[in-house]
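This report goes through one structure part by part. Please look at the sequence and the model before reading on.

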Amino acid sequence: MSDAPLLDVRGLQAWYGESHVLHGVDLAIREGETVTLLGRNGAGKTTTLRAIMGILGRRQGVVNLRGHDLLRLPLHRVAQAGLGYVPEERGIFASLNVEENLMLPPKVAEGGMSVAEIYELFPNLLERRWSQGTKLSGGEQQMLAIARVLRTGAKILLLDEPTEGLAPVIIQRIGDVLVTLKARGMTILLVEQNFRFARKVADRFYLMEDGRIVNSFAGHELDSHTSQLHDVLGV
Ligand SMILES: Nc1ncnc2c1ncn2[C@@H]1O[C@H](COP(=O)(O)OP(=O)(O)OP(=O)(O)O)[C@@H](O)[C@H]1O
């Protein structure tokens, strides 16, 4: 793991129309790291991912990926630069089957996983290969949404609450997948409310409140921050 950040976000601000939502977010992720962004509903976690990808109207600040300022790049070039985004709503096409959903996004870089490797990582998707998007459970949809991005060659995954609304056994399965991806060298920025899940994979945590990062700590320091987390997250 190199010390220089792969993704370096500094002073990131973002707006929805007149509404100023991010007030200067600073975070840095090294290659191969898994970093988790925690914060209560409305803190700005999703907006941070959207602002890094460039899928909201107005933003300001620096998002640097390997020396390229992403704020200057159009969205397709951001994907080519190696960012893969799995939104909270998952975006599975209801009228397409699993394999069609999987094959839909174009490859943007070399080194993406093959379909065979993907089915090895997600055996349940192989079983459900010809099932339509509408027939999939929440967990299957989540796995498909992650799988789809892995095929494109993305090197940094931005995952928005992958465990939301899922049963504990599926959450466990998604945790195993993230551990495998991490072992393969994937860099991951994870948004989660479930820090018990995140502790399994996170090297570091950032805590977000009102559009700013208010604290950061290493994964192994989670226990000494639980009372602050209960206060901030309201859990
Ligand atoms: N499309 C939008 N238009 C206007 N305001 C928005 C929009 N999306 C989010 N917001 C506002 O931006 C703020 C941050 O929302 P964001 O979704 O980033 O928070 P979050 O931390 O991801 O929370 P959640 O867990 O609820 O998704 C909130 O006040 C929210 O109401």
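Helices and strands here are DSSP runs, a helix having at least four residues and a strand at least two, and they are numbered from the N terminus. The structure is a predicted model.

## Around the ligand

Helix H1 gives the most to the shell around the ligand, with three residues. Strand S2 (19-30) and helix H1 (45-53) each supply at least two residues of that shell.

The residues around the ligand are Tyr-16, Ser-19, Val-21, Gly-39, Asn-41, Gly-42, Ala-43, Gly-44, Lys-45, Thr-46 and Thr-47. Sorted by class, the shell has seven polar, three nonpolar and one charged residues.

## Ala-51 in helix H1

Ala-51 is a residue of helix H1. Is Ala-51 buried or exposed? Ala-51 is buried, because 27 other C-beta atoms lie within 10 Å, and the cut-off for a buried residue is 20 or more.

Leaving aside neighbours within four places in sequence, Ala-51 is in contact with Leu-12, Ala-14, Leu-22, Leu-56 and Arg-59. Ala-51 and Asp-210 are 159 residues apart along the chain, and their C-alpha atoms are separated by 15 Å.

## The open sheet

Four strands make up an open sheet, in the order S2-S1-S4-S5, with antiparallel pairing. S2 and strand S5 (68-69) stand at the edges and have a single partner strand each, so one side of each is left without a neighbour in the sheet. Strands of a sheet pair through backbone hydrogen bonds, either parallel or antiparallel.

Within this sheet, strand S1 (residues 5-16) and strand S4 (residues 58-65) run antiparallel and are joined by seven bridges. Leu-7 stands opposite Leu-65 in S4.

## Helix H7

Helix H7 (residues 168-183) has 16 residues. From the first C-alpha to the last, H7 reaches 23 Å, close to the 22 Å expected at 1.5 Å a residue. After H7 comes Gly-185, whose phi is positive, near 95°.

Which residues of H7 are buried? They are Ile-171, Ile-174, Leu-178 and Leu-181. Seen down the axis of H7, these buried residues fall within an arc of 80°, so they line one face of the helix. An α-helix has 3.6 residues a turn, so residues three or four places apart point the same way. What covers the buried residues of H7 includes strand S3 (34-38), helix H6 (138-151), strand S8 (187-191) and helix H8 (195-198). On the face of H7 turned away from its buried side are the exposed residues Pro-168, Val-169, Thr-180 and Ala-183.

Notes: Residues are numbered from 1 along each chain as its sequence is written. This is a predicted model: local features need pLDDT of at least 70, side-chain atom pairs count only at pLDDT 80 or more; totals for chains, interfaces and linings use all residues. A residue is near a molecule or strand if its C-beta atom, placed from the backbone, lies within 6 Å of it. Ala, Val, Leu, Ile, Met, Phe, Trp, Tyr, Cys and Pro count as nonpolar, Asp, Glu, Lys and Arg as charged, and the others, Gly among them, as polar. The expected span of a helix is 1.5 Å times one less than its number of residues. A residue is buried if 20 or more other C-beta atoms lie within 10 Å of its own, exposed if 12 or fewer, and partly exposed in between; C-beta atoms are placed from the backbone. The arc is that of the directions from the helix axis to the C-beta atoms. Two residues are in contact if their C-beta atoms, placed from the backbone, lie within 7 Å. Two strands pair if DSSP finds at least two bridges between them.
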